[in-house]
Amino acid sequence: MKLVLARVDERLLHGQVAAGWVPILGVRRILVADDDLAADDWERDLVASAAPPGVEVEVLSLAEAAPRLQEPGEERALLLVRRPRGMLALVRAGAPITAVNLGGLHYHEGARRFLDYVFLTPEDIEALAGIVEHHVHVKAQDLPGHPGIEIDRLLADGLLAFDRLPAR
Amino acid sequence: MTHPYPILLVAHRGLGEGLLTAAEAILGRRPEVDHVTNDGLSPETLAGEINRWLEAHPGPVLILTDLGFGSCCQTARRASRERTQVGILAGVNLPVLLAAVRSSVQEDLASFLRHLHARGQGSVEMYLGGEHL
């Protein structure tokens, strides 16, 4: 498959992805890599039911997703992972990911505001730095057409640090 | 005396409030419908809001959501898992909302959901050059 977007988004397959990214990128297959969902038939069916017309959805564990992403082919695919540490695991496992799109990570306890749609924990920032260390370009962008924020540049400049972020 | 199912509207930014405002303009009163948006909420937080509402309404209830493939609907479906008295209709529009507030808990929930579904589908009409297609 040909990976056209690797996205971190805690909502996984939802409106912004299905109606925003999928049509503009011509995606034909969506891979949702999440251990909890993959272990639950009901959850897998729920996620698959959110598939846009003409798009296949697979829900895989992180361990299953890495080799699946390495399979050759030209089918345009979109990868969804819940948090940065999951994406880092895939990068470390050799998945052919050259760029990561950081989508929605909303507020929860222990996270601080980076963007309106991105709240990060120290663990998230550490994982993002780990992804960048593998020479993967990381950009925050919720929707096509919205401005992107170059995460790798901010990390390199020391501007993305948990202590520098406001609480909410 | 009959009364409608308790209704929770779960929708993207501004839609729930907009539908309720429009319904108020038509009905002359604000419908007794609770609403919550997913705007800025993590899936866990939204699930918590829906679960709290469900716990406050232990009988048969209706949840109206917007996009069937969106996080509002998916979160509502997760919250209603194994709760057979929770009916969900995705793709809410104004005709569906107006029909829903005229519901009666004396009606069978599954039958009422089918009625709402038909009402929603039937309310989408086409005109070309002023003529019905």
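Predicted model: local features only at pLDDT ≥ 70, side-chain atom pairs only at ≥ 80, totals over all residues.
Chain A contains seven helices and nine strands. Its C-alpha trace spans about 45 × 30 × 30 Å along the principal axes. The radius of gyration is 15 Å. A compact globule of 168 residues would have a value near 15 Å, so chain A agrees with that expectation. Of the 168 residues in chain A, 54% are buried.

The interface between the two chains was examined next. Chain A contributes 18 residues to the contact, and chain B contributes 15 residues. Together the chains bury about 1400 Å². Carbon and sulfur atoms account for 53% of that area. Three residues, A:Arg11, A:Trp42 and A:Leu46, supply 40% of the area that chain A buries against chain B.

Six residue pairs are in polar contact between chain A and chain B, counting pairs with both residues at pLDDT 80 or more. On the side of chain A that touches chain B, the elements giving two or more residues are helix H1 (15–25) and helix H3 (41–49). Helix H3 of chain A gives the most, with five residues. By residue class, this side of chain A divides into nine nonpolar, four polar and five charged residues.

Side chains of opposite charge can pair when their charged atoms come close. Two salt bridges were found across the interface of chain A and chain B. In one, the side chains of B:Arg78 and A:Glu43 meet at 2.7 Å, N to O. In the other, B:Arg81 pairs with A:Asp40, and the closest N and O atoms are 3.0 Å apart. Both partners of this second pair lie in loops. B:Arg81 sits between helix H3 (71–79) and strand E4 (86–90) of chain B. A:Asp40 sits between helix H2 (35–38) and H3 of chain A, so the pair joins two chains. B:Arg81 is partly exposed, with a relative accessible area of 31%.

Over all chains, the count comes to 16 salt bridges. Within chain A, A:Arg83 forms a salt bridge with A:Asp124, with the closest N and O atoms 2.7 Å apart. This pair links distant parts of the chain, 41 residues apart. A:Arg83 belongs to the loop between strand E4 (76–81) and helix H5 (84–92) of chain A, whereas A:Asp124 belongs to helix H6 (residues 122–133). Buried here means under 20% relative accessible area. A:Arg83 has 12% relative accessibility, so this residue counts as buried. A:Asp124 is also buried, with a relative accessible area of 1%.

A local pair occurs in chain B. B:Glu49 forms a salt bridge with B:Arg52, and the closest N and O atoms are 4.0 Å apart. These residues are separated by about one helical turn because they are three residues apart in helix H2 (residues 43–56) of chain B. B:Glu49 is partly exposed, at 34% relative accessibility. B:Arg52 is exposed, with a relative accessible area of 52%. Back in chain A, salt bridges that share partners join A:Arg29, A:Glu58, A:Arg68, A:Glu71 and A:Glu75 into one network.

Methods
Residues numbered from 1 in each chain as written. Chains lettered and ligands numbered in written order. Heavy atoms only, no water. Contact = heavy atoms within 4.5 Å. Buried area = accessible area lost by both parts, 1.4 Å probe. Polar contact = N/O pair within 3.5 Å; in protein donor to acceptor, adjacent residues only side chain to side chain. Helix = DSSP H or I, 4+ residues; strand = E, 2+ residues; numbered from the N terminus. Nonpolar A, V, L, I, M, F, W, Y, C, P; charged D, E, K, R; others polar. Rg over C-alpha atoms; globule rule 2.2 N^0.38 Å. Buried < 20%, exposed > 50% of the residue type's maximum accessible area, 1.4 Å probe, protein only.
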